[in-house]
Amino acid sequence: MDFIDPYYLQQLAIGLSLGMTYALMAIGFTLIFGVLNVVNFAHGEIYTLGAFAGLVLITAAAPPIFAAIFAALAIGAFAGFSLERLAFKPFRRFTDEASLKSRAMRESTLLSSLAVSIIVREGLEIVFGSQMRSVPFEYLINTPVRVGPVILVTGDFIIFAVSAVMLIGLQYLLRRTRVGLSIRAVSNNPLGAKYVGIDTDRTIIMTFVVGSMMGAAAGILVGLYYGAIFPAMGFVPGIKAFVAMVMGGLSSIPGAVISALILGVAESMATTFVSSGWSDMVAYGFLILTLIFFPSGLFGAGRERV
Amino acid sequence: MNESRSPTRLIVPVLVLLMVFAALPAVLASFDRGYFYQIANLSLIFVLLAASLHLVTGVAGLLHLGHAAFYGVGAYTAALLATKAGLGFTFTLPLSGLVAALIAFLVALPTMRLVSIYFAVATLAIGQMLYLVMLNWVDFTKGPNGIIVTKGLNLFGFDLSGRLGTYYTVAAVVTLCVIAIGRLSHSYYGNALRSIREDDQCADAMGVRTVRLKMEVFTLSAFFAGVAGSLWAHMTGYISPGDFKFSESILILAMIVVGGLGSLPGAIIGALLLILLPEGLRGMGDFRNVMVGVVMFLSILFLPRGLLGEVSALKLVRQQLNAAWRRTDNGIGIGWR
């Protein structure tokens, strides 16, 4: 391994664990885009809510770390459910195909989720203040571990393990269970799914719950990894996840995951070579390039013009 | 045609102009507190921003999520020209509009063929990229420290930097721009843009040059945003990247959504509401930012067409300003040519 500088390997590992958290976020986006064909702008706030749920539990009860993650998952599930009821359900007044795919419905849900995200973010600022809240020291997952030539922290492994477990669990859910089957059916053709007796409303809620749980888990993991939790923390990862979804071809979950990993690695490389301030530029650059040169995404199949 | 020029037709615009240029300054002068002038100027600037976004998102139906960045480009152009080249407001006002329009044009060249959500995402990315440039190009833009603009408002050698002078300058520029935007959006040109919004493939088939029109309207709206930016830079005397974040783009978008997409009077009402409501609720402290979200959410839920929807806005404009409308035989106006 002496032909590669260990420093770059280390950056690669950091990028991969960053990419994994983007992937967790991107899956939520992709699932919800898949079933409703709409963008959920409140997804970043789910991530923040997950982080705060974990933080509140940690400061109140000092539980083991996995309890904090479960708290985040529970809050994520609840937030996903309420989000769907509040910001998406009221705009699905009609169920015919034309109105499900109509621009009015897409834009009103986009704006309503945006409004909900403003309310949640500002609400959190009232409750917790806009300053960064630091995580108690013993919960930080950054104990260094030496692996060959590189030094990683425990957080890299935990993020990697939790993300991998959740991704595999999701694949199991989607491919092997009835709920997953109905999610795939609705995402394929909502009207057709309704005709064969699938409760589309329930399926859409399930999708929001599953997607939001993943987002919330990403929030608490990143919060513990960096040790800083604040109300506006969800915005940048939300955009990154969105970029990953577009790069992956909008409806492809494996594509979104691979794109998220590429994005994470590219960002950590950009931080190395340029500066951390410009690393966000990479994501936006990728987004524009993908949109122009690969309009259907790097991994997406041909998709109708939306 | 003469009956349409009757004086009753012009009541609303004359009243609005009287409000803006006589009643409001009188009220401001009687209170004589700098804070109220700031609020009045801020509302006027956001009226212009909302009106310019109305052109892209309301009339042409292109969801634009990076409008604040072009506002920022205008503000930075004005500030940098004023501090580095020593140019006065007379030159920075048009130049900042032109620079914003130029950047918008360059950006539009590759992205304007994207449709619907892809376009929205692209504008979001472009807005964020411009914001990152403002934030990180420290040598040029001074980064997060911002720029202090020492030159006040000064038009053709007249010093207008007093409180009333500033107000009148801002009000005059904003009024002129809003009238221009109004003429555009209620003309044949605006109708072509509306046809793109409704069905761009169909409009294309009918001979409307959709891509070119989209580029034109995107550039134009960036021009007006740039003008608003230079007003802001000279008015406050201090700009920093934080003024041009994504949340500002969303605020402007919320204004036109609350007011009614596609309706210029609605955009103006929405801008006034979302600037003045949080200020009026200052007593509620932190809750005022939540109120922006709540107002936006409730208006989408209960007033999907906005406070003053497009149809009623068009009717209003046609009734009140129809002096220049070409009438068909059955008495229905089509629009300015």
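Q: Which residues does Ala216(A) touch, not counting residues up to four places away in sequence?
A: In this predicted model, contact is judged by C-beta atoms lying within 7 Å. Leaving out residues up to four places away in sequence, the partners of Ala216(A) include Ile46(A), Tyr47(A), Leu49(A), Gly50(A) and Ala53(A).

Q: Why is chain A described as being as compact as a globular protein of its length?
A: Chain A contains 12 helices and four strands. For its 306 residues the globule rule gives 19 Å, and chain A is therefore as compact as a globular protein of that length, its radius of gyration being close to that value, at 19 Å.

Q: What percentage of the contacts in chain A with a separation of 6 or more comes from residues 24 or more positions apart?
A: The C-alpha trace of chain A spans about 60 × 45 × 35 Å along its principal axes. Of the 306 residues in chain A, 51% are buried. Among contacts with a separation of 6 or more, the share from residues 24 or more positions apart is 77%.

Q: Which helix gives the most residues to the side of chain B that touches chain A?
A: The contact draws 30 residues from chain A and 29 residues from chain B. On the chain B side, the elements giving two or more residues are helix H5 (116-136), helix H11 (246-259) and helix H13 (287-302). With 11 residues, the element that gives the most is H5(B).

Q: Why is H11(B) said to be largely enclosed by the rest of the structure?
A: H11(B) reaches 20 Å from its first C-alpha to its last, close to the 20 Å expected at 1.5 Å a residue. Its buried residues include Glu248(B), Ser249(B), Ile250(B) and Gly259(B). H11(B) is largely enclosed because the buried count among its 14 residues is 12.

Q: Which residue just after H11(B) takes a positive phi?
A: H11(B) has 14 residues, and Gly259(B) is among those that are buried. Just after this helix, a positive phi of about 120° is taken by Gly260(B).

Definitions and conventions: Residues numbered from 1 in each chain as written. Chains lettered and ligands numbered in written order. Predicted model: local features only at pLDDT ≥ 70, side-chain atom pairs only at ≥ 80, totals over all residues. Contact = placed C-beta atoms within 7 Å. Expected span 1.5 Å × (residues − 1). Buried ≥ 20, exposed ≤ 12 C-beta atoms within 10 Å, placed from the backbone. Rg over C-alpha atoms; globule rule 2.2 N^0.38 Å.
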